[in-house]
Amino acid sequence: MELPLWIKAIILGIVEGLTEFLPVSSTGHLMVIGKWLGFDSELFEVVIQIGALAAVWWLFRHRIRRMIPTPRFANPQDRMLMLNVMLAFLPALLLGIPVHHWVKSHHLDSARGISVALILGGIAILIIER
């Protein structure tokens with residue numbers, strides 16, 4: 001039995017809401033559940049995450065504002081936070097951008113491929129944390 005579109009949207013909204021503030025890939029989980037539900041829409045994935053991004057921005061708005069370089073940027077903690085954010089982005093820049101097309105065309109077309117990527121990413125995070 002095919003679920004109505006609005007029920008699929010509610011399920012995906014719950015998945016996004018539950019996983020956004022957890023140390024897991026909310027996007028990956030959204031994609032897997034969307035494929036399992038037969039609702040595979042990149043536009044929906046982007047739009048639903050705008051709300052999650054707005055919530056994260058609102059929650060951390062004071063810290064984010066302090067990271068913006070200004071004359072009062074002299075606080076060493078603010079500089080260190082900005083440096084850490086830039087360093088965290090570096091792997092995505094150096095690895096993600098060059099292989100984006102290959103990954104998109106070969107591996108993100110199934111729930112299995114996304115699930116394997118989530119598992120491998122989780123294992124990598126656990127190893128790096130040690």
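Me: What should I know before we start?
Reply: This is a predicted model, where local features need pLDDT of at least 70, side-chain atom pairs count only at pLDDT 80 or more, and totals for chains, interfaces and linings use all residues. Residues are numbered from 1 along each chain as its sequence is written, and side-chain values use heavy atoms, with hydrogens and water left out.

Me: What pLDDT does the chain average?
Reply: The average is 82, and 93% of the residues score at least 70. pLDDT is the predictor's confidence in each residue, from 0 to 100.

Me: Which element has the lowest mean pLDDT, and which the highest?
Reply: Helix α4 (residues 61-67) has the lowest at 80, and α1 has the highest at 88. Helices here are DSSP runs (H or I, at least four residues), numbered from the N terminus.

Me: On to α2: how far apart are its end C-alpha atoms?
Reply: They are 16 Å apart, which agrees with the 16 Å that its 12 residues (26-37) should span at 1.5 Å a residue. The expected span is 1.5 Å times one less than the number of residues.

Me: Which residues of α2 are buried?
Reply: Ser26, Gly28, Leu30, Met31, Val32, Gly34 and Leu37 are. Buried means under 20% relative accessible area, exposed over 50%, and partly exposed in between (1.4 Å probe, protein chains only).

Me: What covers them?
Reply: The cover includes α1 (5-20), α3 (42-59) and α6 (111-129). Ser26, at 9% relative accessible area, is in contact (heavy atoms within 4.5 Å) with Glu16, Thr19 and Glu20, leaving aside its neighbours within four places in sequence.

Me: And what comes just after α2?
Reply: Gly38, which takes a positive phi of about 75°.

Me: New topic: how many salt bridges?
Reply: The count is 1, taking a side-chain nitrogen of Lys or Arg within 4 Å of a carboxyl oxygen of Asp or Glu. Lys8 pairs with Glu2, with the closest N and O atoms 2.3 Å apart.

Me: Is Lys8 buried or exposed?
Reply: Lys8 counts as buried because its relative accessibility is 4%. Glu2 counts as exposed, at 59%.

Me: Last one: which residues form the nonpolar patch on the surface?
Reply: Met80, Leu83, Leu87, Phe89, Leu90, Leu93, Leu94, Leu95 and Ile97, with about 890 Å² of accessible area together. Areas come from the Shrake-Rupley method with a 1.4 Å probe, and for residues only the protein chains shown count as cover. Patch residues have over 30% relative accessible area and no salt bridge; like charges are joined within 9 Å and nonpolar side chains (Val, Leu, Ile, Met, Phe, Trp, Tyr) within 5 Å. Leu94 lies in helix α5 (residues 76-106) and is exposed at 55%.

Key: Helices (H or I, at least four residues) and strands (E, at least two) are DSSP runs, numbered from the N terminus.
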